[in-house]
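Here's a quick tour of a fold, written for someone who has the coordinates open.

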Amino acid sequence: MELDERKVKILQAIIRNYLETGEPVGSRTISKYTDLNLSSATIRNEMSDLEDMGYILQPHTSAGRIPSDKGYRLYVDSLLSEKEREVDDMKEVLVEKADKLETVLKQVAKLLADNTNYTTLVSKPRYTQKKIKFTQLTMISELQLLVVVVIDGNIVKNKFITLSKTIEPETLLQLNFLINTALNGLDLTEINMALIRDMKEQAGDYSELVGSILDSIAEAVGEEEEHGVYTSGATNLLRYPELNDRERATKLLTTLEEKETLSNWMNQDGEFTEHGIQVYIGEESPVEAMRDCAVVTATYQIEEGVYGKIGIVGPKRMDYERVVGTLESTMRQLDDIFKKK
């Protein structure tokens with residue numbers, strides 16, 4: 001007997017319903033639970049076939065059905081296969097998107113430096129929101145569990161947990177369901193002690209493992225992304241007499257090479273506003289080596305919660321009107337580019 005698409009959908013519905021309620025599942029429940037639009041009689045026939053094939057069991061004569069080990073195995077394998085495909089597809093898209101974004105930002109830095117005759121800084125994007133989209137638990141060996149967390153911006157994080165004993169596929173499936181039901185859509189700040197306690201109670205004998213999984217998720221989500229800054233036109237500053245004496249020039253060029261210092265400065269603001277043009281003049285600059293300069297920055301946005309900054313560095317007598325106008329024009333062009341991506 002063939003396990004066709006309709007039988008697979010009915011089996012999946014039985015398993016999902018049983019995981020939620022812990023009660024045997026009847027045909028009337030499935031007729032409301034699926035999008036097949038089948039009568040209870042048709043579903044009963046399909047359930048009878050699934051029972052003959054060994055995917056479900058009828059614990060009592062008058063009761064509904066529950067999944068068998070064979071049914072769980074099919075469900076777990078198909079679920080994990082689907083999630084692995086989702087993660088692989090997502091990684092491919094993210095790599096392609098990151099490559100494209102890096103190219104665009106480098107081009108922006110060079111064009112601005114060429115057009116203004118000043119030095120340009122462009123920070124890589126940062127993520128101000130870190131909500132959990134979904135979590136996937138996968139056994140990769142007898143005693144090693146892989147925790148894959150996808151957060152806003154489709155950022156994929158991986159953590160490994162070493163287990164003290166093996167866990168059954170059905171248990172892993174239930175843990176996946178518990179974790180995703182409780183955490184999807186939440187930010188770290190929303191995961192409180194009451195929620196953790198409730199999840200551990202639901203996990204029963206596996207409360208300690210749930211605690212380890214939650215620790216891994218918190219660690220993964222809380223990790224800082226590697227930030228950096230693209231620079232262009234550093235030697236443009238040497239065109240201006242007030243900046244080209246040996247000591248000042250050395251300090252400036254050295255600072256522009258220290259990408260971590262620049263990244264920390266450009267990403268230090270807790271809040272990003274739309275385009276958010278700011279002007280730092282002389283002593284207002286938080287970077288000591290730039291206190292003989294003027295710096296104008298603007299914020300770009302790739303998508304909701306994903307921001308970066310562009311800065312233009314020049315002498316205090318820079319053409320502010322032109323620089324601000326150029327940045328505003330660049331922001332509009334970047335908005336158009338990122339909306340098409």
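## The ground rules

This is a predicted model, so to speak of local features we need pLDDT of at least 70, side-chain atom pairs count only at pLDDT 80 or more, and totals for chains, interfaces and linings use all residues. Residues are numbered from 1 along each chain as its sequence is written, and side-chain values use heavy atoms, with hydrogens and water left out.

## The chain overall

The protein chain has 10 helices and 11 strands. Those are DSSP runs numbered from the N terminus: H or I over at least four residues for helices, E over at least two for strands. Of the chain's 341 residues, 45% count as buried. Buried means under 20% relative accessible area, exposed means over 50%, and partly exposed is in between (1.4 Å probe, protein chains only).

A contact here means heavy atoms within 4.5 Å.

## Where α1 meets α3

Helix α1 (residues 5–21) and helix α3 (residues 40–52) have axes that come within 10 Å and cross at roughly 90 degrees. Axes are lines fitted to C-alpha atoms, for helices over the stretch in contact, with angles running from 0 to 180 degrees between N-to-C directions. The two helices are therefore roughly perpendicular. On that scale, under 35 degrees is roughly parallel, over 145 roughly antiparallel, 65 to 115 roughly perpendicular and the rest oblique.

On the α1 side, the contact is made by R6, K7, I10, L11 and I14, while α3 brings T42, I43, E46, M47, D49 and L50. These residues divide into 6 nonpolar, 1 polar and 4 charged.

## A buried arginine

Next stop is R65, in the loop between β1 (56–57) and β2 (66–67). R65 counts as buried because its relative accessibility is 14%. Its side chain joins that of E51 through a polar contact of 3.1 Å. That term means a pair of N or O atoms within 3.5 Å; within protein, one must be able to donate a hydrogen and the other to accept it, and residues adjacent in sequence count only if both atoms are side-chain atoms.

Setting aside neighbours within four places in sequence, R65 is in contact with I14, P24, V25, M47, S48, E51, I56, L57 and Q58.

## N117 and strand β3

N117 is found in the loop between α4 (69–116) and β3. Its phi is near 65 degrees, a positive value in a residue other than glycine. Most residues other than glycine have a negative phi. N117 is partly exposed, with a relative accessible area of 29%.

Strand β3 (residues 119–123) is mostly covered, with 5 of its 5 residues buried. T119, L121 and S123 point one way, and T120 and V122 point the other. In a regular strand the side chains alternate between the two faces of the sheet. β3 runs antiparallel to strand β8 (residues 229–232), and 4 bridges join them; S123 stands opposite V229 in β8. Two strands pair if DSSP finds at least two bridges between them.

## The β5-β6-β7 sheet

Then there's an open sheet of 3 strands in the order β5-β6-β7, with antiparallel pairing. Its edge strands are β5 (132–141) and β7 (155–162), each pairing on one side only, and the twist averages 20 degrees from one strand to the next. β5 and β6 form a hairpin with 2 residues between them, joined by 8 bridges. Q136 has V148 in β6 as its bridge partner.

Strand β6 (residues 144–151) is joined to β7 by 8 bridges. Q144 stands opposite T162, and I151 has I155 as its bridge partner. As for burial, 7 of the 8 residues of β6 are buried.

## Helices across the sheet

Which helices lie across these strands? Helix α5 (residues 169–183) lies across β5 and β6, running at about 160 degrees to β5. Helix α7 (residues 207–222) lies across β5, β6 and β7, at about 145 degrees to β7.

E170 and D69 are 101 residues apart in sequence and 7.9 Å apart in space, C-alpha to C-alpha. Not counting residues up to four places away in sequence, E170 touches D69 and Y72.

How values were computed: Nonpolar A, V, L, I, M, F, W, Y, C, P; charged D, E, K, R; others polar.
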